[in-house]
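Thanks for coming. I will go through one structure today, starting with the fold and then moving to the interface and the salt bridges. Please look at the sequence and the model first.

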Number of protein chains: 2
Amino acid sequence: MPRVSQDHLDARRRQILDGARSCFARYGYEGATVRRLEEATGLSRGAIFHHFRDKESLFLALAEDDVLRMAEVVAAQGLVQVMRELLSSPAGTGDTLSPADWLGTRLEVSRRLRTDPEFRARWAERSEQLTVATRERLLRQREAGKLRDDVDVHVLTAFLELVLEGLVSHLAMGLPADDMDPVLDLVEETVRRHRRSG
Amino acid sequence: MPRVSQDHLDARRRQILDGARSCFARYGYEGATVRRLEEATGLSRGAIFHHFRDKESLFLALAEDDVLRMAEVVAAQGLVQVMRELLSSPAGTGDTLSPADWLGTRLEVSRRLRTDPEFRARWAERSEQLTVATRERLLRQREAGKLRDDVDVHVLTAFLELVLEGLVSHLAMGLPADDMDPVLDLVEETVRRHRRSG
C-alpha cells in the first residue's frame with residue numbers, strides 16, 4: 001500500500017463531497033445510489049467509503065460542510081448577502097458553492113428532518129452554527145450602531161433565518177425569483193436602524 | 001343502482017379529501033398507496049376513484065382545497081393571521097384545517113414542484129389564488145390607511161408569502177416554534193404604516 005499524504009487525503013475528501021453534493025441534489029438521498037455516487041465522484045465505492053463510513057455519514061458531512069461555508073459568508077457579509085447570492089449566482093465553481101447544489105442538499109435535509117427523528121437529533125447541533133454566526137454578526141452590527149435596537153437580536157436572527165428558509169423553499173420549487181430584490185431590500189431595512197420617515 | 005343526492009356526493013367527496021389529506025401527510029405522495037387511501041378514508045378504491053380520476057387528481061384537488069381555505073382566512077384576517085394559526089392550533093377539527101395535515105400537503109406540493117415540471121405547470125394557476133387574496137387584502141388595508149405606502153403592494157405580498165413559506169418549512173422540519181410570536185409581530189409591523197419611532 002502506498003503512503004498517502006494528508007493533502008492528498010483532503011483533496012480526495014473534497015472531490016467526494018463535491019461529487020456527492022451534485023448527486024444528492026440531482027437524485028435525492030434515496031436516489032443517490034452507490035453506483036451514481038461512483039459516477040458523480042469519479043471514484044470507486046471502495047475509495048468513497050474509505051473516507052466516509054456510509055452514505056448517511058457522507059450526506060451529513062456535506063450538509064455540515066455547506067453550513068460552515070454559509071456561516072463564513074454570514075460572518076463577513078450577513079445573512080441577507082447569502083440570500084442575494086442565492087438569487088444572483090446561477091452556478092458556482094471551485095470554492096463557490098453552486099446555489100442549485102446547495103439547495104438540493106438543503107431540501108434533502110428539510111425532507112429528512114420531517115421524516116426521520118434520528119436525523120433531526122443529529123442535525124440540530126450542526127445547524128446551530130449558522131444561527132450562531134448570524135447572531136454574532138447582528139451583535140457586531142448593533143455595536144456599530146447599524147442595527148435597530150428596539151427588537152431583541154434573537155428575534156432578528158430568527159426573522160432572517162425564517163426568510164432564508166422561505167427563499168430556499170421558493171427557489172427549490174422553481175418559482176420565479178426575478179422580483180425578489182426589492183423584497184430582500186425590505187428584509188434588510190427591517191433589521192437596520194430605523195431612519196425617520198418622511 | 002340507488003340514486004344519490006348532490007349533498008351525499010359532496011359529503012362523500014369531503015370524506016375522501018379529509019382522509020386522503022392525512023394519508024398524504026403521513027406517508028408522502030408515493031407512500032400513499034391505494035390500500036392506505038382506502039384505510040384513511042374508510043372507503044373502497046372503487047368509491048374513491050368514482051370521485052377522482054386517479055391519485056394525481058385527488059392530490060391536486062386537496063392541495064387546491066387547502067389553498068382556497070387559506071385564501072378565505074387571508075381575505076378576512078390577512079396572511080400573518082394564517083401564520084399565527086399555523087403556530088397556535090395543534091390540531092384542527094371539522095372546518096378547521098389541521099396545520100399538521102396542511103403542512104404535509106404543502107410539503108408534498110413543494111417536493112413535487114421541485115422534481116416534476118408537469119406538476120409545476122398544473123400547480124401554478126392554482127397557487128395564484130392565495131397570492132391574489134393576499135394582494136387584495138393588502139390593497140384594502142392600504143385604502144384604510146393601515147399599510148405602509150412607501151413600498152409597492154406586490155413587494156409586500158411577495159414578502160409575506162416568503163415568510164409563510166419559511167414558516168411552513170420551519171414547522172415541517174419539526175424545529176421549535178415557541179419563540180416565533182415576536183418574529184411574526186416584526187413581520188406584521190414591517191408591512192404596517194410606520195409609526196414615528198422615539
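**Fold, interface and salt bridges**

Chain A has 9 helices and 0 strands in its secondary structure, where helices (H or I, at least four residues) and strands (E, at least two) are DSSP runs, numbered from the N terminus. Read from the N terminus, its elements go α-α-α-α-α-α-α-α-α.

Some housekeeping. This is a predicted model, in which local features need pLDDT of at least 70 and side-chain atom pairs count only at pLDDT 80 or more, while totals for chains, interfaces and linings use all residues. Residues are numbered from 1 along each chain as its sequence is written, chains are lettered from A and ligands numbered from 1 in the order in which they are written, and side-chain values use heavy atoms, with hydrogens and water left out.

Still on chain A: of its 198 residues, 46% are buried. Buried means under 20% relative accessible area, exposed over 50%, and partly exposed in between, with a 1.4 Å probe and protein chains only. As for contacts, meaning heavy atoms within 4.5 Å, take those in chain A between residues at least 6 apart in sequence: 69% of them join residues at least 24 apart.

Now the two copies. How are they related? Chain B can be laid on chain A with an RMSD of 0.0 Å, using a turn of 180° and a shift of 0.0 Å along the axis. The copies are superposed by least squares on the C-alpha atoms of residues with pLDDT of at least 70 in both. The two copies are thus related as by a two-fold rotation axis. The residue of chain B that comes closest to that axis is Gly166(B), with its C-alpha at 1.7 Å.

Next, the interface. On chain B, 36 residues are in contact with 36 residues of chain A. Of the interface residues of chain B, 100% are also interface residues in chain A, so the copies meet through the same surface. Between them the chains bury about 3,200 Å², with 68% of it on carbon and sulfur atoms; buried area here is the accessible area (1.4 Å probe) that two parts lose on being put together, summed over both. On the chain B side, Arg114(B), Leu162(B) and Met173(B) lose the most area to chain A, together 23% of what that side buries.

What about polar interactions across it? The rule finds 5 residue pairs in polar contact between chain B and chain A, both residues at pLDDT 80 or more. A polar contact is a pair of N or O atoms within 3.5 Å; within protein, one must be able to donate a hydrogen and the other to accept it, and residues adjacent in sequence count only if both atoms are side-chain atoms. Three helices of chain B give two or more residues to the side that touches chain A: H6 (99-115), H8 (153-172) and H9 (181-191). H8(B) supplies the largest share, 12 residues.

Which residues of chain A does Ser169(B) touch? This serine lies in helix H8 of chain B and is buried, with a relative accessible area of 7%. Leaving out residues up to four places away in sequence, Ser169(B) touches Ser110(A) and Glu165(A). The side chains of Ser169(B) and Glu165(A) are joined by a polar contact of 3.0 Å.

Last, salt bridges, defined as a side-chain nitrogen of Lys or Arg within 4 Å of a carboxyl oxygen of Asp or Glu. Over all chains the count by this rule is 38, and 2 salt bridges cross the interface of chain B and chain A. In one salt bridge, Glu189(A) pairs with Arg148(B), with the closest N and O atoms 3.0 Å apart.

Within chain A, Asp185(A) and Arg84(A) meet in a salt bridge at 2.9 Å, N to O. Asp185(A) is in helix H9 (residues 181-191) and Arg84(A) in helix H5 (residues 79-88), so the pair ties together parts that are 101 residues apart in sequence. Asp185(A) is partly exposed, at 41% relative accessibility.

In chain B, Arg112(B) forms a salt bridge with Asp116(B), the closest N and O atoms being 3.4 Å apart. Arg112(B) is buried, at 7% relative accessible area, while Asp116(B) is partly exposed at 21%.
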